[in-house]
Amino acid sequence: MNNTIKIQNGKLIVPDQPVIPFIEGDGIGKDISIPSQRVLNAAVEKSYGGKRKLLWKEVLAGEKAFQQTGENLPDTTLDTFREYLVGMKGPLQTPVGGGIRSLNVALRQTLDLYVCLRPVRWFKGVPSPIRYPSMVDMHIFRENTEDIYAGIEYMTGEENTKKFSDFLINEMGVEQIRFPESTSFGVKPISKEGSERLVRAAIKYAIERKLPSVTIVHKGNIMKFTEGAFKNWGYDLAENEYSGQTFTWRQYEKIKKEKGEIDAQKALKKAEHAGNVIVKDVITDAFLQESLLRPFDHSVIATMNLNGDYISDQLAAMVGGIGISPGANINYNSGYAIFEATHGTAPNIAGTGKANPSSLILSGVMMLEYLGWTEAAEHVLDAMEHTFSKRRVTSDLYDMMEGATLLTTSEFADEIIRNIH
Ligand code: NAI
């Protein structure tokens, strides 16, 4: 039987019983991996009887890999992800000392997983620091391969740094380096191709899911040629590739200038009525404020790496924290996708049964949606909502909920499975 997911003309071909490679992860990775798989298996079984099944295949990374093979990220692990396209991973400890800076970054770079997708929604019953958490339903598309995170950095005092500094000052005529002798540098590459593929993925996602808008979040007012260019390339792409399916704020401004505000308002209303995705842009600092005060104004967010990092954690906190927010790293062209818990290895609670497996379970839900197994995804979401509303939770949420029942990681998974059935 063929158990390999393939991609043809940009569309995934998913067999009924696909092999899904998974990395267990370090720390609480061991505690949450198997319970999460049990939940996903139960939802698949409930939805499709025995017809469809996830065939889990463990691949090594992190501490377990190092103990067994002497390497943190063996080539066979990468080869297996390449072969099967879609996989899952628990959290990995960042190795201390030289060599690879982060296994997560290595995975993203090697497989060119250019989108970091983080859907943020609230589950009834989960404690939130904001007044109307039910109005939060956002989908963050964070560019994963560029920006100041590309790792092009020069530490003050080192030879290359002096070369770099001299080049800027002597050859480029740069005068704004205030203390050249003690300055470190970081380079921020933002490309047209990189920006376009990210914004394209965000718009496509909004269209497919009938979501109302895509907000481009940037600091283009200050960083004109990087973040400002990202915004402009994003608008160009929406207007050129998705004309008829999107309406941009830039088009609105153009109509306003040429024909007046009333005509611009009319064009916007017409586009909304036709179900077009409204593409807008907001400066990052204003966005962080707006997302708290008016979360309902934003649906899909398209942004660069550093902004995306900050935004992901703020939005996660608004709906109950990193213990329950899922994520995926995806390349929509090659089909490669790794669905992962967004939190770290939580060494302080590893092995105690306190870990909340929700982040990994919800990442699994994203994976089911990616495979097109939406019925199974819905079953997990309904069962989780039911479990939270009955206040039967793990210790992180128990501490914040009145009248809650404390469950271990495994008991919480069992409770969800009971609610599926
Ligand atoms: P962390 O996310 O592991 O822990 C932060 C706090 O949140 C701790 O108090 C922890 O107990 C709690 N927490 C995290 N996940 C939880 C869960 N599922 N249920 C209940 N409580 C949870 O972040 P930290 O301590 O900064 O990092 C620890 C290690 O994890 C580091 O080596 C770091 O590099 C790595 N890391 C890996 C990530 C990944 O693999 N995607 C992401 C973030 C950190």
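**Charged pairs, a helix and a ligand site**

Visitor: What is the relative accessible area of Arg294?

Guide: Arg294 counts as partly exposed, the class between buried (under 20% relative accessible area) and exposed (over 50%), using a 1.4 Å probe and protein chains only. The relative accessible area of Arg294 is 41%.

Visitor: What kind of model is this?

Guide: Residues are numbered from 1 along each chain as its sequence is written, and side-chain values use heavy atoms, with hydrogens and water left out. Local features need pLDDT of at least 70, side-chain atom pairs count only at pLDDT 80 or more, and totals for chains, interfaces and linings use all residues, the model being predicted.

Visitor: Which residue forms a salt bridge with Arg294?

Guide: A salt bridge is a side-chain nitrogen of Lys or Arg within 4 Å of a carboxyl oxygen of Asp or Glu. The closest N and O atoms of this pair are 2.6 Å apart. The partner is partly exposed at a relative accessible area of 24%; its name is Asp297.

Visitor: How many salt bridges does a search of the whole structure find?

Guide: Side chains of opposite charge can pair when their charged atoms come close. For the whole structure, the number of salt bridges is 27.

Visitor: How many residues apart in sequence are the parts that the pair Arg200 and Glu241 ties together?

Guide: The salt bridge between Arg200 and Glu241 brings their closest N and O atoms to 2.8 Å. Arg200 belongs to helix α6 (residues 192-208) and Glu241 to helix α7 (residues 224-241), so the pair ties together parts whose separation in residues is 41.

Visitor: Which residue has a side-chain N or O atom 2.9 Å from an oxygen atom of the ligand?

Guide: A residue is near a molecule if one of its heavy atoms lies within 4 Å of it, and of the 21 residues around the ligand, Leu92, Thr94, Gly344, Ala346 and Asn348 come nearest. A polar contact here is a pair of N or O atoms within 3.5 Å. For the side chain of Lys89 the distance to a ligand oxygen is 3.5 Å, and for that of Asn104 it is 3.0 Å. The residue at 2.9 Å is Asn348.

Visitor: What is the relative accessible area of Lys210?

Guide: Lys210 has a positive phi of about 55° although it is not a glycine. The loop between α6 and β10 (213-218) holds Lys210. Lys210 is exposed, with a relative accessible area of 74%.

Terms used
Helix = DSSP H or I, 4+ residues; strand = E, 2+ residues; numbered from the N terminus. Polar contact = N/O pair within 3.5 Å; in protein donor to acceptor, adjacent residues only side chain to side chain.
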